[in-house]
Amino acid sequence: MRVLLIGANGYLGRFVADRLLADPAVQLTALGRGDDADVRFDLASGSPGALTRFLDAVHPQVVVNCAGTTRGGARELTRHNTVAVATVCEALRRSGCGARLVQVGCGAEYGPSQPGSSTAEDAVPRPGGPYGVSKLAATELVLGSGLDAVVLRVFSPAGPGTPAGSPLGRLAEAMRRAMQSGDGELKLGGLGVQRDFIDVRDVARAVHAASLSAAQGVINIGSGRAVRLRDAAAVLARVAGYGGALHELDGLPGPHLRPAIGHPRPEPDHAGPVAYPYPDGCGSWQQADVRTARDRLGWRPRINLEESLADIWMEAACRI
């Protein structure tokens, strides 16, 4: 099976590439902006016609799109998350390859949900920020394209390679600094939110399964269980061997306080952070209903959060 992977150098794309390469039946070609891609192409600025010519030459049976960005303003998010997907869809419509499209979406497309609830694929999306809006627009383009396509809405990915600027990445870095300096207590803010964390290797397995399946539409990819960030911090402390006390600071921002986990950092000082909104626009709670992935892809998560956090900690502890 010939697979074209777009965004192979990204956080999720690297693990998707590893998973696909491990399948001897897959012949993988990577397309991206980096020098190590098999073919260099910028979806945000490249024309559908140029991509069509490449598709006709390679003739993939499956196109997996992991490209995109989580950072930047509305214009940049739209270019890389929406316009790029429009380019892929248009190129596939023009091409004679007839490839199936597996688009990696995001749980942020749903926006805030009721605490205690599980969000299923038929929920009405109400994204709470420009990132979720840009990803939802991409999903709508895929669903309205007339292509053989499936969108995997990935909730909160975790595990090896977790970006240092993500909530779990910032948590690990704060703990590393506390241990390095011998601090007996760690003051953190914004730990009250609950998210559905899913290991990146399980996400890669889901993409692989979707590539082989005939499933179409939207499919949630998550653990099916919301975890409070405060509880994740406690697990991380146990994994790291941090014996200090964890103190959560909530309240309104003050000029003497650092920001919460997941929020951009101002000038450093020695005070603890306070609670800012979790940056994905999904409010205090998000939990996926993952029954569709089980029923249509034969997929279930295998890696628990403790293992994911152990891998995050291993990478954080190696930083100098």
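Before anything else, a cut-off I need for the first residue: buried means under 20% relative accessible area, exposed means over 50%, and partly exposed is in between. I also note that this is a predicted model.

**Entry 1: His-59**

Most residues other than glycine have a negative phi. His-59 is not a glycine, yet its phi is positive, at about 55°. I found His-59 in the loop between helix H2 (48-58) and strand S4 (62-65). Is His-59 buried or partly exposed? Its relative accessibility is 33%, so His-59 counts as partly exposed.

**Entry 2: His-80**

Next I went to another histidine. His-80 sits in helix H3, which covers residues 74-94. His-80 counts as buried because its relative accessibility is 12%, under the 20% limit. I then asked what His-80 touches, not counting residues up to four places away in sequence. The list I got for His-80 is Arg-33, Ala-44, Gly-68 and Thr-69.

**Entry 3: salt bridges**

How many salt bridges are there? I get a count of 15 salt bridges.

Asp-148 pairs with Arg-100, and their closest N and O atoms are 2.7 Å apart. This pair links distant parts of the chain, 48 residues apart. Asp-148 is in the loop between helix H4 (130-143) and strand S6 (149-154), while Arg-100 is in strand S5 (residues 100-106). Asp-148 has 32% relative accessibility, so I log Asp-148 as partly exposed. Arg-100 has 5%, so Arg-100 goes down as buried.

Arg-153 and Glu-109 form another salt bridge, with the closest N and O atoms 2.7 Å apart. Arg-153 lies in strand S6 and Glu-109 in the loop between S5 and H4, so this pair ties together parts 44 residues apart in sequence. Both Arg-153 and Glu-109 are buried.

Asp-202 bridges to Arg-205, the closest N and O atoms being 2.8 Å apart. What separates Asp-202 and Arg-205 along helix H6? They are three residues apart in H6 (residues 200-212), so about one helical turn lies between them. Asp-202 is at 1% relative accessibility and therefore counts as buried. Arg-205 is buried too, with a relative accessible area of 11%.

I also noted a network: Glu-90, Arg-93 and Arg-94 are joined by salt bridges that share partners.

**Entry 4: Ala-206**

I stayed in helix H6, where Ala-206 is found. At 0% relative accessibility, Ala-206 counts as buried. Which residues does Ala-206 contact, leaving aside neighbours within four places in sequence? I find Leu-152, Ile-221, Leu-297 and Trp-299. For a distance check I took Glu-248, which is 42 residues from Ala-206 along the chain. Their C-alpha atoms are separated by 35 Å.

**Entry 5: H1 on H6**

Now helix pairs. Two packed helices are described by the angle between their axes and the distance between the axes. Helix H1 (residues 11-21) packs on H6 at an angle of about 60°, the axes being 8 Å apart. H1 and H6 are therefore oblique to each other, and their crossing is right-handed. From H1, the contact uses Tyr-11, Leu-12, Phe-15, Val-16, Arg-19 and Leu-20. From H6, it uses Val-200, Arg-201, Val-203, Ala-204, Arg-205, Val-207 and His-208. Sorted by class, the contact of H1 with H6 has nine nonpolar, one polar and three charged residues. Arg-205, in this list, is also the salt-bridge partner of Asp-202.

**Entry 6: H5 on H7**

Last pair. The axes of helix H5 (residues 167-181) and helix H7 (residues 229-240) come within 11 Å and cross at roughly 45°. That makes H5 oblique to H7, and H5 passes H7 in a right-handed crossing. On the H5 side I have Pro-167, Leu-168, Leu-171, Ala-172, Met-175 and Met-179. They meet Leu-229, Ala-232, Ala-233, Leu-236, Ala-237 and Ala-240 of H7. Which classes make up the contact of H5 with H7? I get 12 nonpolar residues, no polar and no charged.

Technical notes: Residues numbered from 1 in each chain as written. Predicted model: local features only at pLDDT ≥ 70, side-chain atom pairs only at ≥ 80, totals over all residues. Heavy atoms only, no water. Salt bridge = Lys/Arg side-chain N within 4 Å of Asp/Glu carboxyl O. Helix = DSSP H or I, 4+ residues; strand = E, 2+ residues; numbered from the N terminus. Buried < 20%, exposed > 50% of the residue type's maximum accessible area, 1.4 Å probe, protein only. Axes fitted to C-alpha atoms, helices over the stretch in contact; angles between N-to-C directions. Parallel < 35°, antiparallel > 145°, perpendicular 65-115°, else oblique. Left-handed = near helix turned anticlockwise from the far one by under 90°. Contact = heavy atoms within 4.5 Å. Nonpolar A, V, L, I, M, F, W, Y, C, P; charged D, E, K, R; others polar.
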